[in-house]
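Dear colleague,

Please find the structure below, followed by a short account of what was found in it.

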Amino acid sequence: MIDAEGTVLAGRYQLVERSGQGGMATVWRAVTRGAAGFIRPVAVKRILGGLSHQPEFVQMFVEEARVGATLDHPNVVQIHDFGRDVLDNYYLVMEWVEGVDLGRWSQSYEAAGWHAPWHLTAAIGIESLRGLHAAHTRADPYGNPAPTFHRDVTPGNVLIGLNGIVKIADFGLARAMDRARITRPEMVKGKTGYVAPEMLDDGLEASAQSDMFSLGVVLWEVLASRPLFRAAHDLDSLRNVIKCEVPSLAEIRPDLPPALVGTIERALRRDPRERFGSAREMLLELARVLRRVAEPTDAAPLGQSVALARERLGMPPRDLPPEELVPLEGARWLTPEDGLDREELAIPLIPGRRRE
Ligand SMILES: Nc1ncnc2c1ncn2[C@@H]1O[C@H](COP(=O)(O)OP(=O)(O)O)[C@@H](O)[C@H]1O
Ligand SMILES: [Mg+2]
């Protein structure tokens, strides 16, 4: 019962509900409990069995988790902890973002037959770029430049909270995943439509420009309500990326300001040298577009759009408030004092009443 609701890891992270399943990991909404009733929602990302037994993968994963944990920025999902369960599978404990990912946010408009509002999309782009830029300009504790690149900017890795705060998840994890001997093709599924072309055919390393390209694809797709390079088969997606033919966004969305279209198209140039010099340059360009817009694009309308997206998607108004989860009668919460050897214990949960 190591991957079931109620499982407690390391004596303090209790899995509440499976929130998402990627190719190589499962994301759980979980709670961490401390003394005196202290409770905090967290996300627990568990690396699927098998990968944790590949030394090269593990080494890279540990390294990336370590680097990720030093990234401290409001637009980057904070990594709290890193551990290994009794079956030797690794997991990351991260800040929980209560809201939706950008893929679902965008789908919620598509499902209603609308295009996503471009001013909010641009605002999400700006916030994402703030997080990316912080990582690109990261310094080590001695002040030496130690940039880190995301490598996996996809709609699922841009999280928008009900509070209207945008956060980039899974920094650098893609690097570890690349190193893993990928034996199951579904592991990379869906990601291939976002990788920068120079990383595919010129063998170039990830860079600020490759992250910007990926974000360009994401923003293009949100605005166009359709995939850009993504195809049913990964090989076709890769071919599309390498060709890098970008249909005119201005034709699909005649309502967009030309400066917004121009900014996204510049991020999508085939030659990385023709893109923006830095994520900050790109965000300043997007900010310039929004300066001419009367409608507010701060956290309040963004948060409201997330609440509406959840409604359209049939999601509950909020995720279950963890303080309303109670252990089964007779059971008690495990505390850190219970020790690591108890972590395979699963305590059944009774969901509390949903807050209206
Ligand atoms: N820190 C988090 N807070 C809230 N939800 C998250 C968090 N991390 C991931 N998720 C959700 O779980 C889903 C699966 O995550 P993941 O395994 O990284 O796959 P992917 O990024 O490919 O979608 C995400 O799409 C997102 O909706
Ligand atoms: Mg992710």
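In strand β8, Ile 160 is the bridge partner of Val 100. This bridge belongs to the antiparallel pairing of β7 (residues 99–101) with β8 (residues 158–161), which spans three bridges; strands are DSSP runs of E of at least two residues, helices runs of H or I of at least four, both numbered from the N terminus, and two strands pair if DSSP finds at least two bridges between them.

The model is predicted, so local features need pLDDT of at least 70 and side-chain atom pairs count only at pLDDT 80 or more, while totals for chains, interfaces and linings use all residues. Residues are numbered from 1 along each chain as its sequence is written, and chains are lettered from A and ligands numbered from 1 in the order in which they are written.

β8 is also joined to β9 (residues 166–168), in the antiparallel sense, by three bridges, with Leu 159 opposite Lys 167 of β9. Four residues separate β8 and β9 in this hairpin, and Gly 164 in the turn has a positive phi of about 80°.

Ligand 1 has 17 residues around it, of which Gly 20, Gly 22, Val 27, Ala 43 and Gly 156 come nearest (near: C-beta atom, placed from the backbone, within 6 Å). At least two residues of this shell come from each of β2 (13–21), β3 (25–33) and β6 (90–95). Domain 1 (7–97 + 319–339) and domain 2 (99–312) each contribute at least three; the domain bounds come from an automatic or database domain assignment.

Overall, the chain has eleven helices and eleven strands.

Kind regards
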